[in-house]
Amino acid sequence: MEVERVQAIATLSRSVDTIPLEYIRSEKEQPAITTFQGSVLEVPAIDINESNETSPVESIKKASEEWGLFQVVNHGIPIEVISHLQRVGKEFFELPIEEKEEYAKPEDSKDVEGYGTKLQKEVEGKKGWVDHLFHRIWPPSAINYKFWPKNPTSYKEANEEYCKCLRGVAEKIFRCMSLGLGLEGPELMEAAGGDSLEYLLKINYYPPCPRPDLALGVVAHTDMSTLTILVPNEVPGLQVFRDGLWYDVKYIPNALIVHVGDQLEIMSNGKYKAVLHRTTVNKEKVRMSWPVFLEPPAEHVLGPHPKIVDDRNPAKYKTKKYGDYMYCKLNKLPQ
């Protein structure tokens, strides 16, 4: 069955200044109605390479408890490494549709890897204004190069170089979050899967949209992962739900955006909060982002960390396999 890609719909819609009905959100979701006007949210920006180790620990702990989101500056990943990642991703999405379809997610696949459009069960048949490419970048045993584009030719090199740098940043963030919960530095990452933790890259491609006031790129959600570490392009679009309102998040050049995901909320027994967020689209410009979801293997069991639950602070979440959690979330089933 041929799938209609948003990139193709965007090309057709440009001349008529309208979008198909299935992309028009309800009034309770439309960005023009639901976005708080006149204020851009300045989420915490944290320098994780400060020489005083307690400083990033306290900052990350506070941001994870109060926001579920922060931006990391001075992260140590060279600008040229990030630029290379962005360049090859953009070049892939600019290829002819037939070439991109060679990497399409197989119809019978229960996994998310591959080029695609629909990710989860669509509520009320409404669709997001986005195409995507998913593939794992770490560990080597989890990588399926079938879903890594061969064109542009430096795609593999760019992703491997970024992954090598990113792993160091992820370990630092996990260490700070672990210490913030009163655990030893490595304990939280070990509970999340340790060396078997999978790094799942997603490239989001949001084409220009004639009616950005009516559509959403990705609907409101929290991430299933432990942590999500995201590189955006320069076109803003991330929104966060706070105090009953949707706010635009301020873009900081060369910063990494970090989301607390569901699994960290569960492991911290609710101390850290998974952030409710969504993405808007732009009338004139392509918006892109490169989130990496740090996920346990499907068979890995997660629950509140045993060292932070007791009679006075009982477990608020079930302990279950990550694969079961993911299945329920994607299919809108109770956990």
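What follows is a friendly conversation about a predicted model of a protein chain.

Colleague: I am new here, so let us start with the overall form. Which radius of gyration does the protein chain have, next to that of a compact globule?

Modeller: Remember that this is a predicted model. The C-alpha atoms fill a box of roughly 60 × 45 × 40 Å along the principal axes. For 335 residues, a compact globule would have a radius of gyration near 20 Å, and the chain agrees with that, at 19 Å.

Colleague: What share of the residues is buried?

Modeller: Contacts give some background here: of those with a separation of 6 or more, 77% join residues 24 or more positions apart. As for burial, among the 335 residues of the protein chain the buried share is 52%.

Colleague: Now to the cysteines. How many disulfides does a search of the whole structure find?

Modeller: Take Cys-165 as an example: the closest cysteine sulfur to its own belongs to Cys-163 and is 9.2 Å away, which is too far for a bond. A disulfide needs the two sulfur atoms within 2.5 Å. Searching the whole structure gives a count of zero.

Colleague: Is Cys-209 buried or exposed?

Modeller: The cut-off for buried is under 20% relative accessible area. Cys-209 has a value of 0%, so Cys-209 is buried.

Colleague: Let us look at Asp-131. Which side chain of opposite charge is nearest to it?

Modeller: Asp-131 is found in strand 5. It is buried yet has no salt bridge. A salt bridge would need the nitrogen and oxygen within 4 Å. The nearest side chain of opposite charge is 5.5 Å away, and it belongs to Arg-5.

Colleague: With which side chain does the side chain of Asp-131 make a polar contact?

Modeller: The side chain of Asp-131 also reaches a backbone atom, the nitrogen of Gln-7, at 2.9 Å. Beyond its neighbours within four places in sequence, Asp-131 is in contact with residues including Phe-93, Tyr-115 and Ile-203. The side-chain partner in the polar contact, at 2.9 Å, is Thr-117.

Colleague: Which side chain does Lys-172 join in a polar contact?

Modeller: Apart from neighbours within four places in sequence, Lys-172 is in contact with Ile-48 and Asn-49. The polar contact spans 2.4 Å, and the partner side chain is that of Asn-49.

Colleague: How many salt bridges does the structure hold?

Modeller: One of them joins Glu-29 and Arg-25 at 3.4 Å, N to O, and Arg-25 is buried at 5% relative accessibility. Another joins Lys-90 and Glu-94 at 2.8 Å. There, Lys-90 is partly exposed at 42%, and Glu-94 is partly exposed at 48%. The structure's total is 16.

Colleague: How many residues apart in sequence are the parts that Glu-198 and Arg-136 tie together?

Modeller: The side chains of Glu-198 and Arg-136 meet in a salt bridge of 2.9 Å, N to O. Glu-198 lies in strand 6 (residues 198-206) and Arg-136 in strand 5, so the pair ties together parts whose separation in sequence is 62 residues.

Colleague: Which residues are linked with Glu-198 and Arg-136 in a network of salt bridges?

Modeller: Both Glu-198 and Arg-136 are buried. The network of salt bridges holds these two along with Asp-111 and Glu-113.

Terms used:
Residues are numbered from 1 along each chain as its sequence is written. This is a predicted model: local features need pLDDT of at least 70, side-chain atom pairs count only at pLDDT 80 or more; totals for chains, interfaces and linings use all residues. Side-chain values use heavy atoms; hydrogens and water are left out. Buried means under 20% relative accessible area, exposed over 50%, partly exposed in between (1.4 Å probe, protein chains only). Helices (H or I, at least four residues) and strands (E, at least two) are DSSP runs, numbered from the N terminus. Lys and Arg count as positive and Asp and Glu as negative; His and the chain ends are not counted. A polar contact is a pair of N or O atoms within 3.5 Å; within protein, one must be able to donate a hydrogen and the other to accept it, and residues adjacent in sequence count only if both atoms are side-chain atoms. Contact means heavy atoms within 4.5 Å. The radius of gyration is taken over C-alpha atoms; the globule rule is 2.2 Å times the number of residues to the power 0.38.
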